[in-house]
Amino acid sequence: MREISLVEVPGLVGQELGISDWILVDQTMINLFADATHDHQFIHVDPERAAAESPFGGTIAHGFLTLSLLSAMNFGGVPKIREQTMGLNYGFDRIRFMSPVKTGSRVRGRFVLSDCRFRGAGMLMTTYEVTVEIENEKKPALTANWITIVQFDPKDRPEGV
């Protein structure tokens, strides 16, 4: 995994920082997510009924499952900030579910750093324009503006920011 320094981050705004590896979204993953969230709608967990009654030809992943994979995608696709002691989700400004993820598909995340701001003594707020692509599909599964916070030791704060 590539590493960058805090001092480099502001100069990377507007650039694609990384693309994650592909992640297989299989029925087992979908069923486990359904159990964890108590969302057992048939389009997610009943392959026979979904094939017969839905326009998707089978089961699809929950949109929130696809969204939740962003953490793994970020970890595997975005450079680690050397000085980071912890990372936190701050939220989303916008999420759009563009296309369903059919069971058995692979997805990956594409991350463009759209903004960064130093806050407090030991925090950097970053905003990513994220696209979750579906292998061999033209439309992405989702797009989002994801805000995260990088915590670091205040002694590591670059001068002048």
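Predicted model: local features only at pLDDT ≥ 70, side-chain atom pairs only at ≥ 80, totals over all residues.

Student: Where does His 38 lie?
Tutor: His 38 is not a glycine, yet its phi is positive, about 60 degrees. Most residues other than glycine have a negative phi. The residue is found in the loop between helix H1 (27-37) and helix H2 (42-45).

Student: Is His 38 buried or exposed?
Tutor: The cut-off for exposed is over 50% relative accessible area. His 38 has a relative accessible area of 68%, so the class is exposed.

Student: What is the phi of Asn 136?
Tutor: Asn 136 sits in the loop between strand E7 (123-134) and strand E8 (142-152). With 75% relative accessibility, Asn 136 counts as exposed. Its phi is positive although the residue is not a glycine, with a value near 65 degrees.

Student: How many salt bridges does the rule give?
Tutor: Side chains of opposite charge can pair when their charged atoms come close. The rule asks for a side-chain nitrogen of Lys or Arg within 4 Å of a carboxyl oxygen of Asp or Glu. By this rule the count is eight.

Student: How many residues apart are Glu 3 and Arg 82?
Tutor: The side chains of Glu 3 and Arg 82 form a salt bridge at 3.3 Å, N to O. The pair links distant parts of the chain, with Glu 3 in strand E1 (residues 3-4) and Arg 82 in the loop between strand E4 (80-81) and strand E5 (84-97), and the separation is 79 residues.

Student: How are Glu 3 and Arg 82 classed by accessibility?
Tutor: Glu 3 has a relative accessible area of 39%. Arg 82 is at 45% relative accessibility. Buried means under 20% and exposed over 50%, so Glu 3 and Arg 82 are each partly exposed.

Student: Which parts does the salt bridge of Glu 135 with Arg 106 tie together?
Tutor: The closest N and O atoms of Glu 135 and Arg 106 are 2.8 Å apart. The two residues are 29 residues apart in sequence, so the pair ties together the loop between E7 and E8, which holds Glu 135, and strand E6 (residues 105-119), which holds Arg 106.

Student: Which residue forms a salt bridge with Lys 155?
Tutor: Lys 155 is exposed, at 66% relative accessible area. The closest N and O atoms of the pair are 3.2 Å apart, and the partner is Asp 156.

Conventions: Residues numbered from 1 in each chain as written. Heavy atoms only, no water. Helix = DSSP H or I, 4+ residues; strand = E, 2+ residues; numbered from the N terminus. Buried < 20%, exposed > 50% of the residue type's maximum accessible area, 1.4 Å probe, protein only.
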